[in-house]
Amino acid sequence: ALVSATEMLNKAHAGHYAVGAFNINNLEWTKMILLAAEEAKSPVMLGVSEGAAKYMCGFKTVVAMVKEIHDSLGITVPVALHLDHGSYEGAKACIEAGFTSVMFDGSHYPFEENVAKSKEMIELAHAKGVSIECEVGGIGGEEDGTVSNGELADPQECKTICELGVDFLAAGIGNIHGKYPANWAGLNFDRLAEIQNVTNGKPLVLHGGSGIPADQIAKAIDLGVSKINVNTELQLEFAAATRKYIEAGKDLEGKGYDPRKLLKPGADAIKDKVIAMMKQFGSYNQA
Ligand code: G3H
Ligand code: ZN
């Protein structure tokens with residue numbers, strides 16, 4: 001069965017590694033990420049944005065699809081189904097629909113309102129055994145229509161949200177969604193260290209995990225990051241492998257246009273990339 005993410009992330013925090021939260025878009029993404037986790041013997045989180053959920057015909061369809069794929073593949077490693085950047089309404093709906101983990105992203109509200117809504121959502125989630133992530137500060141860039149300029153999280157605000165009983169915390173530390181610009185200043189490790197200091201060992205979440213240099217990922221994990229969100233990276237891998245297949249004319253040979261063949265190079269590329277990232281994050285062989 002799908003599990004809440006609390007235990008896997010507390011274990012990751014204690015063991016100084018991070019669990020990948022990989023965003024899914026459809027059956028292929030779901031299947032390949034689950035197969036990768038099983039092969040890597042790694043815990044995993046499947047992230048679902050509200051936009052991707054809409055694309056997949058709603059939260060209930062996502063829950064049913066993920067559960068059935070998970071069971072039919074005989075997956076034995078811990079898997080959490082997690083709402084990514086949830087709105088107030090979306091998080092409530094996912095807790096009801098059977099997600100095992102949700103993010104309530106109230107970072108765009110005035111802080112007092114973020115606190116009040118986060119508190120309510122933490123109670124609702126915990127009443128159902130669902131783990132919950134909240135956010136302080138802003139993640140730069142744009143994801144599924146959510147635009148933010150990026151704002152370093154205030155450590156005292158992080159402390160306040162942690163005291164509400166949140167299970168893991170997303171804090172802006174200079175990270176950006178999507179591709180990193182050439183003039184990117186890098187992660188702010190001083191701020192990350194300050195945040196971990198005042199949050200009493202709470203697992204921290206690094207959004208915008210695509211394209212961060214390996215040494216910065218390693219240092220972030222050292223400083224308390226236990227969950228790394230990856231979305232763009234898998235989309236780029238899928239697109240590149242698919243392009244290669246089509247540009248080589250493979251779709252025109254034999255029955256190369258059959259969607260099961262056409263989508264295979266991209267799907268295989270997703271699986272390889274996820275396994276490589278599990279090795280990089282240190283969750284490999286931890287399940
Ligand atoms: O919430 C999802 C992530 O933060 C993904 O960011 O697309 O830059 O990997 P990314
Ligand atoms: Zn994010």
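Predicted model: local features only at pLDDT ≥ 70, side-chain atom pairs only at ≥ 80, totals over all residues.
Residues are numbered from 1 along each chain as its sequence is written, while chains are lettered from A and ligands numbered from 1 in the order in which they are written.

**Exercise 1.** Find how α2 and α4 cross.

Step 1: locate α2 at residues 27-40 and α4 at residues 59-72; helices are DSSP runs of H or I with at least four residues, strands runs of E with at least two, numbered from the N terminus.

Step 2: their axes come within 10 Å and cross at roughly 40°. Axes are lines fitted to C-alpha atoms, for helices over the stretch in contact, with angles from 0 to 180 degrees between N-to-C directions.

Step 3: that angle makes α2 oblique to α4, since angles under 35 degrees count as roughly parallel, over 145 as roughly antiparallel, 65 to 115 as roughly perpendicular and the rest as oblique.

**Exercise 2.** List the residues that meet between α2 and α4.

Step 1: from α2, take Leu27, Thr30, Lys31 and Leu34.

Step 2: from α4, take Met65, Val66, Ile69 and His70. Contact requires C-beta atoms, placed from the backbone, within 7 Å.

**Exercise 3.** Describe the buried side of α8.

Step 1: in α8 (189-198), Arg191, Leu192, Glu194, Ile195 and Gln196 are buried (20 or more other C-beta atoms within 10 Å of the residue's own, all placed from the backbone; exposed is 12 or fewer, partly exposed in between).

Step 2: these buried residues pack against α7, β8, β9 and α9.

Methods: Contact = placed C-beta atoms within 7 Å.
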